[in-house]
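Good morning. Please have a look at the screen.

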Amino acid sequence: MNIRIEWEYKAKNGAQTVFTSEQLPAAQVLMIVEDLMLTGRAKNIVLTDAYDSTWTVKELKKYVKEIASEPQNITIYFDGGFHKSARQAGLGYVVYFEQNEKQYRIRKNAFVDGLLSNNEAEYAALHLSIRELEELGVHHSTVYFKGDSQVVIQQMAGDWPVYEKELAEWASKIDARLAKLNITPIYEHVSRKQNEEADRLATQALNGIEIDGKKELS
C-alpha cells in the first residue's frame, strides 16, 4: 500500500507552508514521518492512502507489522507473442516482489490457442500475471505493471479508448480481478529492451519451452 504525506512546516522565523509528498510505500512513509517529527517543525501530519482514507501513525505501524510476511513492492513485466497464421500465442511475465525482508523473482509463461491478434496476446499475458497475484495472496496493494505494448498500457490506464470487442472483454476481466483484490494498478510503458525478460518467456512458450520458476535475489 502506498501513502501520501501532508504536513505543515513552520520555519524559525515563523513562516509556515504546507508540503505534500508523492505516494510512497507504507514502511518508507513511517521512516520519513519519524524524521519529520524529530525536526520539531512539522505539524498536523496527515497520511492518506490511494482510496483517500486517512491513517494515524499508530495504525500505519500496526499495518506494516501485519503485512511483513506478505508480498510487497510488486512490479510485473508482461509480454505476448503471436503467430498470426496459426493463431497461436505465447504469454510471459516476470514478477518482482519483497517478502519477509527478502527479494524474489517469479518467471512464468504459457502457450495458448485461438487468440485473434498480438494485442489480444498482450492482454492475455497481463491477465495471466494477475492470476499469479491471486496465488501469492496479494491484496490491498499498489502493483506496477510494465509492458512494451502501447495499446494495452494506454488502454488499461484509461488514456486510449478500447474499440475491439475481444480487447474490451479482456480489459473488463482484468479490471474486475484487480477490484476483487483491491489492487491499485499503475501502468507504465517500457521499451522492448527493458521488457526483454518477459519477451523471451513469451517466445519460449511459442517454441514449446515451459518456464515456471521462483528465485530469491541477492
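This is a predicted model: local features need pLDDT of at least 70, side-chain atom pairs count only at pLDDT 80 or more; totals for chains, interfaces and linings use all residues.

As a reminder, strands of a sheet pair through backbone hydrogen bonds, either parallel or antiparallel. In what order do the 6 strands of the open sheet lie? Reading across, the order is β10-β9-β6-β7-β8-β11, and the pairing is mixed. The edge strands are β10, residues 184-189, and β11, residues 212-217; each of these has a pairing on one side only. From one strand to the next, the twist averages 20°.

Strand β6 covers residues 72-83 and strand β9 covers residues 142-147; they run parallel and are joined by 5 bridges. If you want a place to look, find Thr75, whose bridge partner in β9 is Tyr144.

Next, the helices. Which strands does helix α3 touch? Helix α3, residues 118-136, packs on the sheet and contacts β6, β7, β8, β9 and β10. Its direction makes about 145° with that of β6. Just after α3 comes Gly137, with a positive phi of about 80°.

The other helix to mention is α6, residues 196-206. Helix α6 lies across β6, β7 and β8, and runs at about 140° to β7.

Strand β1, residues 2-10, has several pairings, and I will take them in turn.

With strand β2, residues 16-20, β1 pairs in the antiparallel sense over 5 bridges. β1 and β2 form a hairpin, with 5 residues between them. Which residue in that turn has a positive phi? That is Gly14, at about 95°.

With strand β4, residues 42-49, the pairing of β1 is again antiparallel, over 6 bridges. Here Tyr9 has Ala42 as its bridge partner.

With strand β3, residues 24-25, β1 is joined by 2 bridges, and these two strands also run antiparallel. Ile3 stands opposite Leu24 of β3.

That is what I had. Questions, please.

Note on methods
Residues are numbered from 1 along each chain as its sequence is written. Side-chain values use heavy atoms; hydrogens and water are left out. Two strands pair if DSSP finds at least two bridges between them. Helices (H or I, at least four residues) and strands (E, at least two) are DSSP runs, numbered from the N terminus. Axes are lines fitted to C-alpha atoms, for helices over the stretch in contact, and angles run from 0 to 180 degrees between N-to-C directions. Contact means heavy atoms within 4.5 Å.
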